[in-house]
Amino acid sequence: MTPESHSPTGTDDLTAGPPPGCPAHGTGPGGLRRLYGPEAEDLGDLYEKLRAEHGAVAPALLHNDVPIWVVLGHSENLHMVRTPMQFTRDSRVWTSVQDGTAGADHPLAPHIMWQPICSHAEGDEHLRLRGAVTGAMSTIDHRGVRRHINRSTQRLVNQFCERGTADLVSQFAEHLPMAVMCEILGMPEEYNERMVQAARDMLKGTETAIASNEYVMGALMRLTARRRAKPEEDFTTHLVNHPARLTDDEVGQHLRLVLIAAYEATANLIANVLRMVLTDPRFRAQLSGGQMTVPEAVEQSLWDEPPFSTIFGYFAKQETELGGRRINKGDGLLLGIAPGNVDPHVRPDLAANMQGNRSHLAFGGGPHECPGQDIGRAIADTGVDALLMRLPDVQLDCEEHELRWTSSISSRHLVELPVRFAPKPPQDVHQQPGLRPLPPPRQVSMAPARPQAQPVAPAPWPAAPEPVEPAPEPAHRLGAWQRFLRWWRGY
């Protein structure tokens, strides 16, 4: 028998329990836990408290004490995202929007307010807009992208390799995704420090976030106009020319969606993978010893530290039930990616290796599943692999407990990842990443062989060369598997 559920937007009494802001409990109206403020400094710990108290679906409070359901269970999250007949991403049906408690002045308004983009649309409009985005995605040359990732990695590493120290968050993880995405979209000239910082600022909700958004949108709208006038072989051109016939505003809004979502998710993913490699000796040994590939390391990180911890939000289109809770029409729900990934029903042992298992929630699911996840994986896979090839002796340059994060309801971002390594010389960005350049190809004489009947006097021995470090194996001696890996990585 299911006990009476507590609906944060329904008719249940929210006044029972401790008074609002009770210091003894750190809770809000109705005794509900807040997803913001002092108690929410460690949201991972807070989600586990909610799971212990309420189960797979828990009532909580957003900023300004707006009620919300947090979906903590893995299967419950999948049911929600895969059942568009019951749950929508159109926030206009949310009771808190309709009654004004989650209006345009709400701190999470950029996440709440409906926009004419595929991730908020439903039905035929969703099919039209989503079809244009996925159609443009299908034209991306993945081998060409991997070559550009390698070259961008080389450029970034060249900027700090001679110093022997670096911060792999601000000098690598935050820059590589932006450089690659600007190339994919067709605006490599827009990649610079200001574009990187504007993208970061937009997601922080600071006082300058609006100006940062205007800077990014200005670049994207200029790009849209250029591709209308002069098509080229890039993502933007294919989006502009798609049979869905998107308007300039729709093209610009979807370019921003693709750019910012891919940038933030991939920057966090790269930083998290590098942190795991640097702080877990078993993980580093497995990776170096060939027992775990970089793509497998990326998938492990997507389980343990997903780039987005939650996605806001889904909304009930009708009265229904989820995780034993009565969900009223108009209730809002939080897609709990991080808590769903550690659901005890799917991961009873969090230390267990998740190699080969892609059933995590990092990219959502259902009709709104992230369409660019393969690009994000490619940037992380290839970028981390190339970095470790350039800096195989890289080590953390601080104690692990000194690492700091900034957290929000949507993500957990590593602030710095200081490292040290033996200084290295810069490398040609067009070369395969490695410790030293490949030797020049061996010169083979094409002159006809002399007849054996004509003895040739032996040539004198050349002077002994200066001792040099052994060179890498020439390419013609690579095995079939090594040749395939080089091809796949874009060399």
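# Reading the terms in a predicted model

K424 lies in the loop between β12 (418-420) and α17 (480-488), and the model in which it is seen here is a predicted one.

Q: Why is K424 called buried?
A: Buried means under 20% relative accessible area. K424 has 12% relative accessibility, and therefore K424 counts as buried.

Q: What makes the pair K424 and D393 a polar contact?
A: A polar contact asks for a pair of N or O atoms within 3.5 Å. The side chains of K424 and D393 are joined at 3.0 Å, and this is counted as a polar contact.

Q: How do you know that helix α9 is mostly covered?
A: Helix α9 spans residues 193-202, and seven of its 10 residues are buried. These buried residues are M195, V196, A198, A199, R200, D201 and M202, and they pack against α8 (176-185), α10 (209-229), α12 and β11 (412-414).

Q: What caps the N-terminal end of α9?
A: N192 does so, with a side-chain oxygen that lies 3.1 Å from the backbone nitrogen of R194.

Q: Why are α9 and α12 called roughly perpendicular to each other?
A: Angles of 65 to 115 degrees count as roughly perpendicular. The axes of α9 and α12 cross at roughly 90° and come within 10 Å, and the two helices are therefore roughly perpendicular to each other. The contact is made by V196, A199, R200 and M202 on the side of α9, and by R256, I260, Y263 and E264 on the side of α12. Sorted by class, this contact of α9 with α12 has five nonpolar, no polar and three charged residues.

Q: Why are α12 and α14 also described as roughly perpendicular?
A: The axes of α12 (residues 248-279) and α14 (residues 294-304) cross at roughly 105° and come within 9 Å. With 65 to 115 degrees as the range for this term, α12 and α14 are therefore roughly perpendicular to each other. In α12, the residues L269, N272, V273 and M276 meet A297, V298, Q300, S301, L302 and D304 of α14. By class, the contact of α12 with α14 has six nonpolar, three polar and one charged residues.

Q: Which strands form the open sheet, and in what order?
A: Five strands form the open sheet, in the order β1-β2-β8-β5-β3, and their pairing is mixed.

Q: Why do β1 and β3 stand at the edges?
A: β1 (57-62) and β3 (87-88) each have a single partner strand, so one side of each is left without a neighbour in the sheet.

Q: How do you know that β3 and β5 are paired strands?
A: Two strands pair if there are at least two bridges between them. Two bridges join β3 to β5 (residues 310-316), and the two strands run antiparallel. In β5, F315 is the bridge partner of T88.

Q: What joins β1 to β2?
A: β1 and β2 pair in the antiparallel sense over six bridges, and P59 stands opposite W69 in β2. The two strands form a hairpin with three residues between them, and N64 in the turn has a positive phi of about 65°.

Q: What makes β1 a covered strand on both faces?
A: V57, P59 and L61 are buried on one side, and A58, A60 and L62 are buried on the other.

Q: Which strands does helix α1 lie across?
A: Helix α1 (residues 43-54) lies across β1, β2 (66-71) and β5, and runs at about 130° to β1.

Technical notes
Residues numbered from 1 in each chain as written. Predicted model: local features only at pLDDT ≥ 70, side-chain atom pairs only at ≥ 80, totals over all residues. Heavy atoms only, no water. Helix = DSSP H or I, 4+ residues; strand = E, 2+ residues; numbered from the N terminus. Contact = heavy atoms within 4.5 Å. Axes fitted to C-alpha atoms, helices over the stretch in contact; angles between N-to-C directions. Parallel < 35°, antiparallel > 145°, perpendicular 65-115°, else oblique. Nonpolar A, V, L, I, M, F, W, Y, C, P; charged D, E, K, R; others polar. Buried < 20%, exposed > 50% of the residue type's maximum accessible area, 1.4 Å probe, protein only. Polar contact = N/O pair within 3.5 Å; in protein donor to acceptor, adjacent residues only side chain to side chain.
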